[in-house]
Amino acid sequence: MILHAIRSMLIADTFVGGSTTGWGASIYTAQAPQDQAAPYVVLHLISSSEGHSHDGPNGFVRGRVQADAYGGTVEQAHALARAVHNALDGFKGKHAETTLDIAYIEQDRTYDLPTPTPRGAELPDVFGVATDFRFAHQQQPVTTPVPA
């Protein structure tokens, strides 16, 4: 699955998942544990659609993944998001048994977590930057056997 391939890529990346030379960020799919300390990244599959020909599914899949980079400061969140961007943008190749034909950035968004703070409240201790990536990859078409 595409999320597992992207997660594996980010864990292996020297600057994102590297604990000695980079952020040492934890990488999750869907959601992080509630008590997870920053820095960390959460991946979400936003959309995915299989390509088709006249004969049915052709094995090509296109879609969008959102990578949420979280840091203890706005600057940390932006720097981690930039490391994720650098690891994924323009990637072509095979990783974790998935052949990724292309990944490219679509947009970045900055937000504070948890949601906006009430007036007079302290600033949140986690900040995030969401980056959307478009991807295209190959997978074996799923076929249903025809009863004899």
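This briefing walks through the rings, cores, strands and salt bridges of the structure above. The model is predicted, so keep its rules in mind: local features need pLDDT of at least 70, side-chain atom pairs count only at pLDDT 80 or more, and totals for chains, interfaces and linings use all residues. Residues are numbered from 1 along each chain as its sequence is written, and side-chain values use heavy atoms, with hydrogens and water left out. Helices (H or I, at least four residues) and strands (E, at least two) are DSSP runs, numbered from the N terminus.

**Aromatic rings**

- Rings of Phe, Tyr and Trp (its six-membered ring) pair if their centres lie within 6.5 Å; planes under 30 degrees apart count as stacked, over 60 as edge-to-face and the rest as tilted.
- By that rule there are two aromatic pairs.
- Tyr 70 belongs to strand S3 (residues 56–71), so the pair with Tyr 40 in S2 joins parts 30 residues apart in sequence.
- Put together, the ring pairs make a cluster of Tyr 28, Tyr 40 and Tyr 70.

**Nonpolar cores**

- Buried means under 20% relative accessible area, exposed over 50% and partly exposed in between (1.4 Å probe, protein chains only).
- A nonpolar core is a set of buried Ala, Val, Leu, Ile, Met, Phe, Trp, Tyr and Cys residues joined through side-chain atoms within 4.5 Å.
- The largest nonpolar core has 27 residues, and those with the most contacts inside it are Leu 10, Val 16, Val 41, Leu 43 and Val 84.
- Two or more residues each come from helix H1 (2–12), S2, S3, helix H2 (74–88), strand S5 (98–113) and S6.
- H2 is the top contributor, giving seven residues to this core.
- A second, separate core has six residues, including Tyr 28 and Val 126.

**Helix H2**

- H2 has 15 residues and spans 21 Å from first C-alpha to last, close to the expected 21 Å (1.5 Å times one less than its number of residues).
- Its buried residues include Leu 80, Val 84 and His 85.
- Just after H2, Gly 90 has a positive phi of about 85°.

**Strand S6**

- S6 is mostly covered, with 11 of its 13 residues buried.
- Thr 131 lies in this strand (residues 126–138), and Thr 131 is buried at a relative accessible area of 1%.
- S3 and S6 run antiparallel and are joined by 12 bridges; two strands pair if DSSP finds at least two bridges between them.
- Gly 63 has Phe 135 in S6 as its bridge partner.

**Salt bridges**

- A salt bridge is a side-chain nitrogen of Lys or Arg within 4 Å of a carboxyl oxygen of Asp or Glu, and the structure holds two.
- Arg 64 pairs up with Asp 132, with their closest N and O atoms 2.7 Å apart.
- That pair links S3 to S6 across 68 residues, and Asp 132 is buried at 1% relative accessibility.
- The other salt bridge joins Arg 134 and Glu 106 (2.6 Å, N to O).
- Arg 134 is in S6 and Glu 106 in S5, so parts 28 residues apart in sequence are tied together.
- Arg 134 is partly exposed at 27% relative accessibility, and Glu 106 is partly exposed at 36%.
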